Amino acid sequence: MFDFKSAAQREKGRFLLRAWVAAAIVLVAFSLLGMRLWVLQVEEHEGLLQRADRNRTAVVPIAPRRGEIVDRNGEVLARNYLSYTLDVVPAEVDSIDRLLQELSKVVTLSPSSIRLFKRRVADSGRYNEVMLRNDLTDLEGAFFAAQAFRFPGVKLKARWVRQYPQGAVAAHVVGYVGRISEADLQVLDGQGELGNYRGTDIIGKQGVERAWEQTLHGTTGIESVEVTARGEPMRTLHRIDPEPGSDLVLSLDMRLQRIAEATFVGKRGALVAIDPQNGQILAYVSQPSFDPNLFVGGIDHESWRELNESEDVPLLNRPLLGTYPIGSTYKPFVALAALELGKRDAKTRIYDPGYFEMGNQRFRNAGSAAYGHVDMHKSLVVSSDTYYYSLAPEIGIDALHGFMKPFGFGQQTGIDLKGERTGVLPSTDWKRRAFRKPEQQRWFGGETVSAVIGQGYNAFTIMQLAQATSVLANGGRYYRPHLVMAAKDRHGNTRRIESLEPEHVIDIKPEHIKVVHDALIDVTKKGTARRAFAGAAYTAAGKTGTAQLFNLKGTKYRRDDVDERLRDHALFMGFAPAENPTIALAVLVENGGWGSETAAPIARTVMDAWLLQTEPDAVVTAP
Amino acid sequence: MISLFNAIMRVFKAIDWPLMLMLILLSSIGLLIMHSAVGGTDWRYADQSRYFVYALIVMWGVALLPPGWLAKLSPAAYALGLVLLVGVEFFGETSKGATRWLDLGFVRLQPSELMKIALPMALAWYFQKRDGKIAWYDFVVVMIAILVPFVLIVKQPDLGTALLVMLSGFFVMYFAGLSFKLLVPVAMAGVIGIGSVITYQDVLCAPETDWVVLHEYQKGRVCTLLDPTRDPLGKGFHTIQSTIAVGSGGFYGRGYMNGTQAQLDFIPERTTDFIFAVFAEEFGLFGAVSLLFLFMLLIARGLYIATKAKETYGRLLAGSLSMIVFIYVFVNVGMVIGILPVVGVPLPLFSYGGTALLTMAVALGLLMGISGEQSLKTKRNGKSG
């Protein structure tokens with residue numbers, strides 16, 4: 001043996017000491033646990049055993065009733081009704097299959113509800129109540145009640161169920177509720193709201209239901225109930241009442257909304273109408289729509305497939321999520337930019353031969369029309385592309401970007417719904433960030449030429465166009481667009497939620513505004529929208545647009561030659577009465593062709609309905 | 001022939017029988033109580049049984065790897081762990097507001113779990129490299145090696161796991177010889193800090209008090225621990241119900257599958273974090289203390305293996321892993337019986353879940369490997385000497 005009292009040996013000795021110290025710490029810590037166990041299991045045993053027996057004094061959460069949603073006139077969009085349901089506690093049932101067999105002689109049990117029930121049983125604890133059947137008729141309820149003694153473990157209960165009396169009308173605004181998913185639970189946990197959702201099994205999934213979930217939900221109550229060893233409630237010991245969710249008052253006008261939606265029959269598209277004096281949204285159309293009632297109790301497979309796979313994408317919230325080039329409806333803003341930035345005098349005339357040349361590229365007018373000498377006023381009335389093409393090099397893309405941003409183009413408008421798309425308001429900086437390859441990052445002058453007529457990289461939501469129109473209509477004040485005006489609590493106290501102060505005011509010279517307003521009035525009097533607005537009892541201002549989807553490579557556009565889904569989008573933006581606007585709107589008809597033919601008439605109908613209270617013939621009514 | 005004989009010997013020598021015995025005992029009790037927690041056989045019970053078989057295979061596999069080879073691999077494992085953690089930062093999957101997972105296509109990986117093992121391995125390797133000549137700056141280097149993954153995991157955010165990872169590194173430092181002069185004051189400060197929080201809880205937990213360093217939810221956790229009744233349906237619910245369960249068990253327990261708290265669904269998460277409550281309710285103080293004793297034997301065996309290890313690497317790694325098992329058991333049981341805040345730490349070999357079991361299997365496999373290598377060497381030395 002060698003004497004290795006070396007560094008390694010010393011290290012080993014030191015380690016041994018440390019291992020002993022560690023062991024001592026383990027021992028102390030475990031003794032601490034043991035002591036606590038002693039306290040709980042010996043000293044406090046009696047009391048805690050009693051509590052366990054009373055536990056049994058179950059703390060039962062009482063879910064609050066969800067707030068209702070009404071329009072500005074009190075018309076109901078979402079409410080709750082009492083539904084009788086049959087719940088089963090699997091642990092108290094000997095054979096589920098035998099139970100289902102016997103029970104189906106008393107009440108109707110569809111194969112799909114049985115399937116759903118079995119899945120839920122597999123997912124939850126044996127002592128939890130699992131819903132078997134909802135919406136029992138009074139007769140079924142009576143039948144069951146008479147024979148309830150034959151079915152231990154099956155309970156007849158009354159539950160609040162969400163209902164959307166307007167059906168598909170305004171479905172994209174209201175949204176819908178659905179069963180709380182695992183993902184929802186995780187979000188709630190992150191917000192520290194999990195406790196408040198004990199006992200609640202639905203949550204807002206879309207629209208106002210989702211964005212205003214916290215206001216609508218309310219506060220869960222607590223009831224201490226004595227239960228038997230089998231879990232049956234005996235008597236209430238203590239109760240804190242739930243606080244029902246607040247009702248929400250929307251700025252939407254359902255009469256206007258129905259009329260607006262009726263104008264879209266057989267079409268796909270979007271419309272947003274805003275009160276330019278305060279940012280209240282008056283109508284919000286996304287067509288085609290869907291029936292939110294389908295989602296309440298969990299949507300069935302067939303309906304989901306039908307909605308989800310439809311070529312018309314009825315589930316898409318178009319005003320918020322669809323981004324489009326907005327075509328000529330962009331021109332009024334570009335004209336205003338030219339005036340404000342001092343790039344063009346309103347009186348200056350340029351010659352429009354039907355095209356504009358830059359470098360060796362030729363940019364044509366839509367329809368290749370030549371308008372001759374054109375000033376700003378005429379450029380908007382006849383919608384001369386060439387006039388705007390010529391502005392492109394003068395303004396430049398970055399100055400245009402800077403001017404458009406405060407109007408809300410390419411920005412989230414701040415509407416009180418979730419998931420709003422930003423879209424694209426191009427600039428040299430944007431292009432640098434959007435593309436990877438250096439050669440793609442450079443901005444070309446020709447791209448500005450496309451941008452000024454609302455084509456090219458521009459991609460805005462109809463929400464943004466409506467909002468920008470509203471800002472233009474009121475002379476530059478940006479009110480945050482919103483749907484919810486007020487919340488009413490259960491005591492009937494109404495709390496105003498909306499802010500009626502502008503978020504910011506764009507500094508624009510009134511005379512410049514006037515130039516654009518005057519031109520837009522003439523658009524509806526003698527310009528591209530004259531037919532749609534013939535004989536209007538008020539002064540309307542607006543601009544039609546056609547957004548090119550499909551580049552036909554210089555051939556003349558004839559819409560019947562093109563597949564319906566590849567046709568241009570028809571657009572209209574406008575406001576009325578022009579002197580003191582109370583409605584500003586943007587309309588998009590997907591593949592609708594010319595804006596003057598499809599989009600402008602819709603705007604006319606909606607404006608008439610709002611300003612003159614007219615009632616057009618064909619209006620969809622609530623089912 | 002001799003190499004074949006050696007190979008066969010290795011396979012058996014790779015098993016540390018005392019450790020194996022405790023492991024089999026603990027996991028059998030674990031499965032038994034899982035059976036009760038789910039109220040008979042169901043998929044979770046079947047899953048857990050299957051996980052145990054996988055875990056055994058993994059453990060054995062790890063035990064067979066030569067520690068020398070493992071030591072060389074350690075820095076690479078640490079580096080890989082860091083890369084994956086940074087990957088989480090950029091490509092991670094988010095749920096519950098936290099980004100912790102990396103989807104590699106074939107498997108969903110939680111790199112912070114890997115770090116729990118990789119960090120002590122790397123630190124043990126480092127100290128082995130320094131070969132007993134340890135200076136103060138070594139601890140600075142090691143501190144940095146601990147803090148980098150710590151910060152990355154805190155950012156996910158997952159404070160619980162970050163603290164566990166930090167502790168696993170800290171234990172290596174401790175066993176490597178971090179001065180007691182430094183340790184004792186830090187420990188004292190900790191005790192005084194916790195003591196004052198308990199003393200001034202009314203002020204600290206008032207809603208208008210804003211805790212500068214901690215998130216609102218973390219304040220909630222601590223305050224709920226101090227007074228579970230402040231949130232009876234939310235976070236406090238767990239603690240109230242689990243202490244009732246444990247207490248109602250009494251000395252001998254209410255009998256297997258007879259705990260009303262467990263069987264009537266009053267214990268939340270009773271197959272995962274709160275499974276000890278089910279056990280303590282049904283087997284009482286007698287069972288609970290016996291179980292703690294078994295865990296203590298497991299930890300003691302780990303520390304023993306550490307003291308017998310030939311190389312610094314095995315010594316530090318075995319010491320750290322044993323102490324991490326201790327922390328798991330202590331924190332989990334402490335949380336169930338209401339003396340520690342509710343944090344998501346599973347009870348080793350008991351809580352439902354494949355990932356936790358896998359981490360545990362790797363740790364035990366490493367312990368066995370260290371133990372096995374040591375005895376083989378002794379034998380060889382014995383022959384030649």
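Visitor: Is A:Glu394 buried, partly exposed or exposed, and what is its relative accessible area?

Guide: This is a predicted model, and within it A:Glu394 is partly exposed, with a relative accessible area of 34%. The label follows from the cut-offs, because buried means under 20% relative accessible area, exposed means over 50%, and partly exposed covers what lies in between.

Visitor: Which residue meets the side chain of A:Glu394 in a salt bridge?

Guide: The partner is A:Arg344, and the two side chains meet with an N to O distance of 2.7 Å. A:Glu394 belongs to helix α16 (residues 385-395) of chain A, while A:Arg344 sits in the loop between α14 (331-340) and β15 (350-352), so the pair ties together parts that are 50 residues apart in sequence. A:Arg344 has a relative accessibility of 9% and therefore counts as buried.

Visitor: Where in chain A do A:Asp312 and A:Arg268 lie?

Guide: A:Asp312 is found in the loop between α12 (301-309) and α13 (318-321), and A:Arg268 in the loop between α10 (254-262) and β13 (269-274), so this pair joins parts that are 44 residues apart in sequence. Their side chains form a salt bridge at 3.4 Å, N to O. With 25% relative accessibility A:Asp312 counts as partly exposed, whereas A:Arg268, at 8%, counts as buried.

Visitor: How many salt bridges does the structure hold over all chains, and which residues are joined into one network by salt bridges that share partners?

Guide: Over all chains the structure holds 34 salt bridges. Salt bridges with shared partners bring A:Arg66, A:Arg162, A:Glu209 and A:Glu213 into one network.

Visitor: How much area do chain B and chain A bury between them?

Guide: The size of an interface is often given as the accessible area lost when the parts come together. Here chain B and chain A bury about 4700 Å² between them, with 68% of it on carbon and sulfur atoms. The count of salt bridges between the two chains is 0, while the count of residue pairs in polar contact is 8.

Visitor: Which helix gives the most to the side of chain B that touches chain A?

Guide: That helix is α13(B), with 13 residues. Several helices of chain B each supply at least two residues of this side, including α7 (159-176), α8 (180-199) and α14 (312-336). By class, the side of chain B that touches chain A has 36 nonpolar, 21 polar and 5 charged residues. The contact takes 62 residues from chain B and 49 residues from chain A.

Terms used. Residues are numbered from 1 along each chain as its sequence is written. Chains are lettered from A and ligands numbered from 1 in the order in which they are written. This is a predicted model: local features need pLDDT of at least 70, side-chain atom pairs count only at pLDDT 80 or more; totals for chains, interfaces and linings use all residues. Side-chain values use heavy atoms; hydrogens and water are left out. Contact means heavy atoms within 4.5 Å. Buried area is the accessible area (1.4 Å probe) that two parts lose on being put together, summed over both. A salt bridge is a side-chain nitrogen of Lys or Arg within 4 Å of a carboxyl oxygen of Asp or Glu. A polar contact is a pair of N or O atoms within 3.5 Å; within protein, one must be able to donate a hydrogen and the other to accept it, and residues adjacent in sequence count only if both atoms are side-chain atoms. Helices (H or I, at least four residues) and strands (E, at least two) are DSSP runs, numbered from the N terminus. Ala, Val, Leu, Ile, Met, Phe, Trp, Tyr, Cys and Pro count as nonpolar, Asp, Glu, Lys and Arg as charged, and the others, Gly among them, as polar. Buried means under 20% relative accessible area, exposed over 50%, partly exposed in between (1.4 Å probe, protein chains only).
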